[in-house]
Amino acid sequence: MDLQLIGMQLLSGAVLGAVLVMTALGFTIIFGMLGVVNFAHGALFMVGAYAGVMVAMQTGSFWFALLVAPIAVGAIGLLIERFLIRPLYSRPPDDPILLTFGLGYVLVEGVRIVFGNDGIPFSTPSALVGVVNLGIGYFPIYRLFVIGVVALILVLLWLGLEKTRFGLIVRAGARDPQIMRVLGVDMRRLWFLVFGLGIGLTALGGVLAAPMRNVSPEMGSIVLAEAFVVTVIGGLGSIAGAVVAGILVGLVVSMTSLFAPEMATISMFALMALVLLIRPQGLFGRASI
Amino acid sequence: MKDKQSKSMSINRRQVVGGIGFGAAATLVGMPYIARAQSETIRIGFPTPLTGPFGAEARDQVKSAELAIKQFNEAGGLGGRKAELLVRDDKLNAGEAATRTLELIEKDKAHAIVGALSAAVQLAVNEVTRARNMLYISISQSDTINEVKDFSRYTFHEALNPHMTTAAVAKHTFKKGAKVAHLAADYAYGHEMLRGFKRAQASIGAESVGEILHPLGVPDYSTFLPRISAMKPDILCISNFGRDQANSIKQAAEFGMKQQMKIVVPVILHNQRLAVGSEVFEGVVGGANYYWGLEETIPSARSFNDAFRATNGGAIPTDYGAYGYTGVKSLLQAITAAGGTDVDKIVAALEGLKYDVAKGPQSYRKCDHQSVQSVLVLESKKKADMKNDLDLFRVAATEQSGEAMLRTCAELGFSG
């Protein structure tokens with residue numbers, strides 16, 4: 001077991017972690033701000049990937065797809081919030097869960113009807129094809145690009161939340177929506193926009209995953225599980241938690257793959273169980289939630 | 001067409017007479033089915049994983065099986081007795097499959113079961129049918145189903161088995177002294193294929209440099225790939241199925257592994273090649289029971305393709321789909337030869353059956369009920385070499401139908 005191999009394994013783990021962060025981000029934001037556990041998350045991830053494939057096929061440009069598909073699916077997210085989620089805010093928390101759970105099935109079946117069951121090919125954009133020698137081994141250029149995009153998104157999110165007035169309202173609203181209402185802030189509008197943003201990020205994750213994973217109607221089912229694990233480990237609703245947990249899960253899965261490959265999938269859930277035992281609120285979660 | 005069919009059936013009937021005599025003499029147990037009215041519909045239960053990662057292959061199986069039923073009914077059935085296919089979704093779950101199969105037998109009063117698409121699920125179906133002396137034609141790869149401990153007099157294995165598939169693929173891809181690495185799914189299919197490849201590799205004189213078992217349904221293989229690269233193999237055998245095959249080959253290609261090693265799979269899947277595109281699969285070699293391109297050389301493949309095209313809007317049948325056709329078709333031929341649905345007569349008829357319905361001559365070996373048939377070795381074409389969108393593979397080699405490709409009856413544990 002040489003150091004080069006361990007280095008490559010850590011790198012693959014960190015990159016897998018970045019992919020996991022991207023898949024979990026939209027889920028954790030929506031949960032943190034709205035308190036809605038979005039069980040349609042995986043399906044919307046898949047819809048994002050299909051939207052990306054469609055736009056790329058029509059325009060011939062991956063870059064255009066990367067920009068347009070998340071905005072389009074984010075707009076669908078706005079409609080979902082306005083017409084499906086909003087009527088349920090005053091109802092018990094199980095109702096949005098049931099609704100999004102069902103919505104997930106509807107979206108998957110819808111895509112099956114329109115695009116078939118088999119999945120569609122989607123190639124890596126030509127500028128990012130190939131591998132690069134990092135000294136310890138060869139690594140796909142595209143995956144390095146994905147890390148870059150995820151980092152950029154995180155910086156933008158951080159700036160948006162910490163440095164803008166809108167971000168201040170969002171953060172305050174997540175802590176105490178009632179006081180915000182008393183202060184005259186229209187929480188409905190806020191939730192509307194945050195939901196759309198969360199879905200847009202989810203769709204972006206789908207478009208980014210399309211060149212790496214098989215694009216098929218069921219591609220989202222595992223994503224929902226992954227997003228859930230990362231969110232629980234990081235602390236429900238914490239963006240910093242999602243980032244740390246995503247990378248951590250990536251590293252754990254990667255090192256397990258090296259020493260006990262059969263256990264690679266289980267290791268993710270074992271880590272979640274361990275965190276829940278030691279720190280039930282998650283790494284970055286507030287105990288009160 | 002009709003003329004040709006009735007002619008081939010009369011040949012079959014003559015050929016099976018010997019078999020019937022033998023079978024009837026051998027056993028006269030398990031007769032409850034004989035009492036049924038001879039005019040009722042012949043019901044064939046068909047559990048298959050319509051939902052889940054093998055859904056694409058399962059749907060093709062159903063289409064092909066339905067074609068076999070349609071042709072049987074249009075030719076007048078069995079003296080006016082029509083056949084019917086009862087399709088059930090087994091959800092790729094052994095428990096679900098066992099329950100559906102039990103329902104098909106007890107509630108729907110099926111006369112025979114054909115189906116299952118996963119090695120593990122198929123063994124669960126076999127448990128249920130074996131305990132009830134129910135006829136079962138299995139159409140998914142398995143070696144253990146041939147072996148004495150899983151054998152049932154009433155089970156026939158229409159699919160290729162891992163032993164013959166891996167032997168054929170290895171023969172045309174491995175060389176003496178070659179270094180081989182394995183990535184296999186951690187369940188029955190992966191284990192059996194891995195075992196087959198290692199056996200073939202030992203007899204060819206290739207060297208194993210390592211093996212990795214991965215959990216079923218992993219979306220990202222990137223964490224398994226550095227270790228495989230570090231093994232520096234000449235050949236990488238990826239023994240997994242359905243979407244797992246597509247994802248693992250897509251990511252191996254992404255990591256540039258195709259430039260370092262040859263990728264070989266036990267079974268190369270038409271639908272997965274379509275799902276991820278020609279650049280990803282280019283140069284990948286794998287085995288197959290059927291490829292539509294056989295129609296250029298084999299008349300029965302042409303008539304199967306033509307009939308399939310006519311009923312499915314011009315689509316062509318695929319590898320695992322074809323099992324649905326050959327499995328149901330051979331069963332219906334045996335029922336015709338047996339003159340009814342008496343299970344022991346059908347068993348005897350199947351044991352004596354010589355059939356050529358889609359891919360050249362086939363027959364069931366007496367000791368283990370394995371279908372003796374050809375194995376194709378296919379290589380995925382690069383885009384520039386494809387004549388049209390369906391021209392996916394080049395037939396690199398064909399192992400002709402013959403018992404030499406199977407393990408001997410003695411090795412499987414059958415005495416004499």
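A salt bridge is a side-chain nitrogen of Lys or Arg within 4 Å of a carboxyl oxygen of Asp or Glu. In this predicted model, three salt bridges are counted between chain B and chain A. One of them joins the side chains of B:D220 and A:R143, at 3.0 Å from N to O. Residue pairs in polar contact between chain B and chain A, both residues at pLDDT 80 or more, number 15.

On the side of chain B that touches chain A, the elements giving two or more residues are α2 (55-74), β7 (207-214), α7 (225-231), α8 (243-254) and α10 (270-276) of chain B. The largest share, six residues, comes from α8(B). The composition of this side by class is tabulated below.

| Class, side of chain B touching chain A | Count |
|---|---|
| Nonpolar | 15 residues |
| Polar | 11 residues |

The contact involves 34 residues of chain B and 37 residues of chain A. Together the two chains bury about 2,800 Å², with 52% of this area on carbon and sulfur atoms. B:T223, B:R243 and B:E254 account for 23% of the area that chain B buries against chain A, more than any other three residues.

Over all chains, the structure holds one disulfide. The sulfur atoms of B:C367 and B:C409 lie 2.1 Å apart in this bond. The disulfide is left-handed because the torsion about its S-S bond is about -85°. It links distant parts of the chain, 42 residues apart: B:C367 lies in the loop between β12 (362-364) and β13 (371-372) of chain B, and B:C409 in helix α15 (residues 409-412) of chain B. Both B:C367 and B:C409 are buried. B:C237 also counts as buried, because its relative accessibility is 0%.

Note on methods:
Residues are numbered from 1 along each chain as its sequence is written. Chains are lettered from A and ligands numbered from 1 in the order in which they are written. This is a predicted model: local features need pLDDT of at least 70, side-chain atom pairs count only at pLDDT 80 or more; totals for chains, interfaces and linings use all residues. Side-chain values use heavy atoms; hydrogens and water are left out. A disulfide is a pair of cysteine sulfur atoms within 2.5 Å. Helices (H or I, at least four residues) and strands (E, at least two) are DSSP runs, numbered from the N terminus. Buried means under 20% relative accessible area, exposed over 50%, partly exposed in between (1.4 Å probe, protein chains only). Contact means heavy atoms within 4.5 Å. Buried area is the accessible area (1.4 Å probe) that two parts lose on being put together, summed over both. A polar contact is a pair of N or O atoms within 3.5 Å; within protein, one must be able to donate a hydrogen and the other to accept it, and residues adjacent in sequence count only if both atoms are side-chain atoms. Ala, Val, Leu, Ile, Met, Phe, Trp, Tyr, Cys and Pro count as nonpolar, Asp, Glu, Lys and Arg as charged, and the others, Gly among them, as polar.
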